[in-house]
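Here is a short briefing on one protein model. Look over the sequence and the fold first, then read the points below.

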Amino acid sequence: MTDRGAGAQRPEEHGTTGPGTDTHHDAAPGTTARGTDTHHPEGSRAAVRAARPVRLGPRAVAALVLISVVGLAGFGWPLLAGPDSGLAHAEDAPWLFAGLLVLLVGVVLATVADSGLDAKAVAMLGVLAAVGAALRPLGAGTAGLEPMFFLMVLSGRVLGPGFGFVLGSVTMFASALLTGGVGPWMPFQMLSMGWFTMGAGLLPGVDRLRGRGELLMLAVYGFLAAFAYGTVMNLYGWTILRDLAPGISFVAGDALHENLVRFLAYCAATSLGWDLGRAALTVALTLSIGPTLLRALRRATRRAAFDARAAFEAPKA
């Protein structure tokens, strides 16, 4: 251990291992240069502070705002279209998908430029996306039981909103390929899951809220966001369905508030039970497995040191 006496300098503070030796900051706070944990016992406040979410810079924020605006327009334009516009979600889906891929690449590049993500972050993205895609079919679509949602909540919380949006979208894309669920609905699912995961990264108290309080917050978010996901996806399907009951059918060109009333009735009549199953499973898994998974994700983030910056110091004469 380095002498902390008068005049001694900590290597992690000044980027040197001794007089006249150049090094750089390639480790997060609380780790050695090789990324191993040193000063902070697992789960301590200092250890969690060291595992900070991926920083969201101005370019990444701009990219996320742009992709969200495009997504909202893709979901909601039928509500504002005239009766003779010809609803064509099946036809606009390829264009939305192509635009979504371009914008997703833009989010990644902006995040890399703002926070210096490297191959370790891409590797973690791939691992989490693969795990999430593998989890989704486990419920076999029964009563909305989709265990991937709780993983997205915890991943978004630990890794931040920008990383979370990309993770949610990529996970849904990989899941569609794995289950054969490729169709005009896929880009809408990718957007919805991206928003779902990003929302977890925007929750407050990253540096302060810990333990049971954090788990309860994540469980409440997972419960509400699971309903929000189902509601947003209902908006996609509702505008193209035909031969529904008069009180729940979409009427192209009708007043917006009247269509919204019918839409809420449609959600209550067709998907409330499904969304409740998804929300309940998300809460149950978050409260039971959440503590272990949060520790694992934060440990991996801390060792990967996503927010490390190279800082060199010239040798002293």
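**A buried arginine, a helix crossing and a core**

Arg-262 is found in helix 10, which spans residues 256-270. The model is predicted.

**Arg-262**
- The relative accessible area of Arg-262 is 14%. Buried means under 20%, so Arg-262 counts as buried.

**Helix 3 and helix 8**
- Helix 3 covers residues 58-80, and helix 8 covers residues 186-201. Their axes come within 11 Å.
- The two axes cross at roughly 135 degrees. Helix 3 and helix 8 are therefore oblique to each other.
- The crossing of these two helices is left-handed.
- On the helix 3 side, the contact uses Leu-64, Ile-67, Ser-68, Gly-71, Leu-72, Gly-74 and Phe-75. Helix 8 brings Phe-188, Leu-191, Ser-192, Trp-195 and Met-198.
- By class, this contact has eight nonpolar and four polar residues, with no charged ones.

**The largest nonpolar core**
- The largest nonpolar core holds 62 residues. Those touching the most other members are Phe-75, Phe-163, Phe-165, Met-193 and Phe-196.
- Helix 9 (residues 211-238) gives this core its largest share, ten residues.
- Phe-75 also belongs to the helix 3 side of the contact with helix 8.
- Leaving out residues up to four places away in sequence, Met-193 touches Met-148, Phe-149, Met-152, Gly-168, Met-172 and Tyr-229.

Terms used: Residues are numbered from 1 along each chain as its sequence is written. This is a predicted model: local features need pLDDT of at least 70, side-chain atom pairs count only at pLDDT 80 or more; totals for chains, interfaces and linings use all residues. Side-chain values use heavy atoms; hydrogens and water are left out. Axes are lines fitted to C-alpha atoms, for helices over the stretch in contact, and angles run from 0 to 180 degrees between N-to-C directions. Helices (H or I, at least four residues) and strands (E, at least two) are DSSP runs, numbered from the N terminus. Angles under 35 degrees count as roughly parallel, over 145 as roughly antiparallel, 65 to 115 as roughly perpendicular and the rest as oblique. A crossing is left-handed if the near helix is turned anticlockwise from the far one by less than a right angle, and right-handed if clockwise. Contact means heavy atoms within 4.5 Å. Ala, Val, Leu, Ile, Met, Phe, Trp, Tyr, Cys and Pro count as nonpolar, Asp, Glu, Lys and Arg as charged, and the others, Gly among them, as polar. Buried means under 20% relative accessible area, exposed over 50%, partly exposed in between (1.4 Å probe, protein chains only). A nonpolar core is a set of buried Ala, Val, Leu, Ile, Met, Phe, Trp, Tyr and Cys residues joined through side-chain atoms within 4.5 Å.
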